Amino acid sequence: MRLYLVKPDLTHFEQYNQMMSEWRASGTQIAPWFLGDSFDTVEKFTDFIRMLDDCEHGLTDKRFSATTSYFVIDENDRLVGAASLRHYLTYEGFLSWGHIGYGIRPSERLKGYAVATLRMMLEQAKLRHIYKVLLGVHESNIGSRKVVEKCGGILENTVRVPGDAEAVRRYWIAVDKD
């Protein structure tokens with residue numbers, strides 16, 4: 001298994017729409033934050049990519065951290081998931097969910113992709129000199145909890161996030177500076 005992180009671009013238009021249709025049909029939670037609707041035109045997808053670029057460069061609402069977003073691609077150039085890295089934590093009435101968000105499309109789960117994705121994202125954090133990474137996981141998301149723990153996550157606490165019916169477990173992962 002070989003996975004790559006790539007910045008979203010127009011070449012992903014069709015695969016993005018296919019992935020999002022699959023995800024919605026599964027009824028499972030869609031993550032990270034920037035995934036959502038399908039796009040019926042390339043122009044709307046272009047606007048989406050521009051928004052992600054603006055977010056990376058801090059050209060957004062100042063209440064939110066600059067965030068770099070990635071698609072996760074396998075060795076066959078298939079879009080299997082997505083991930084994001086907040087450059088710093090913010091306080092939005094609560095300490096934000098964390099630095100890293102990730103998600104693997106339903107048909108590609110249980111193949112080790114989430115662990116590989118989180119490990120790649122920890123490398124991205126290190127490149128940004130983020131050596132202590134916070135991740136939030138819904139309490140019922142046992143699969144993601146196992147991924148975070150396998151990657152060295154240490155549970156700090158469980159919190160209630162305003163507007164979310166489910167408790168969130170907050171983990172810290174120390175990133176080696178070497």
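This is a predicted model: local features need pLDDT of at least 70, side-chain atom pairs count only at pLDDT 80 or more; totals for chains, interfaces and linings use all residues.
Local features need pLDDT of at least 70 and side-chain atom pairs count only at pLDDT 80 or more, while totals for chains, interfaces and linings use all residues. Residues are numbered from 1 along each chain as its sequence is written, and side-chain values use heavy atoms, with hydrogens and water left out.

**The sheet**

Four strands make an open sheet. Their order is β1-β2-β3-β4, and the pairing is antiparallel. Strands are DSSP runs of E with at least two residues; helices are runs of H or I with at least four; both are numbered from the N terminus. Two strands pair if DSSP finds at least two bridges between them. β1 (3-6) and β4 (100-104) stand at the edges with a single partner strand each, so one side of each lacks a neighbour in the sheet. From one strand to the next, the twist averages 20 degrees.

β2 (residues 67-74) and β3 (residues 79-86) are joined by seven bridges. They form a hairpin with four residues between them. In the turn, Asp77 has a positive phi of about 65 degrees. On the other pairing, five bridges join β3 to β4. Leu85 takes part in both pairings: its partners are Thr68 and Ile100 in β4. Tyr70 stands opposite Ala83 in β3.

How many residues of β3 are buried? Eight of the eight are, so β3 is largely enclosed by the rest of the structure. Buried means under 20% relative accessible area, exposed means over 50%, and partly exposed lies in between (1.4 Å probe, protein chains only).

**Two helices**

The expected span of a helix is 1.5 Å times one less than its number of residues. The end C-alpha distances agree with it in α1 and in α3.

After α1 comes Gly27, with a positive phi near 75 degrees.

α3 is mostly covered, with 11 of its 15 residues buried. Among them are Tyr113, Leu118, Met121 and Lys126. Just after α3, His129 takes a positive phi of about 60 degrees.

**Thr117**

Thr117 lies in α3 (residues 113-127). Is Thr117 buried or exposed? It counts as buried, because its relative accessibility is 0%. The Thr117 side chain reaches the backbone oxygen of Tyr113 at 2.8 Å. Leaving aside neighbours within four places in sequence, Thr117 is in contact (heavy atoms within 4.5 Å) with Leu3, Val72, Ala83, Tyr102 and Ile104. Ala83 is also the residue opposite Tyr70.

How values were computed. A polar contact is a pair of N or O atoms within 3.5 Å; within protein, one must be able to donate a hydrogen and the other to accept it, and residues adjacent in sequence count only if both atoms are side-chain atoms. Axes are lines fitted to C-alpha atoms, for helices over the stretch in contact, and angles run from 0 to 180 degrees between N-to-C directions.
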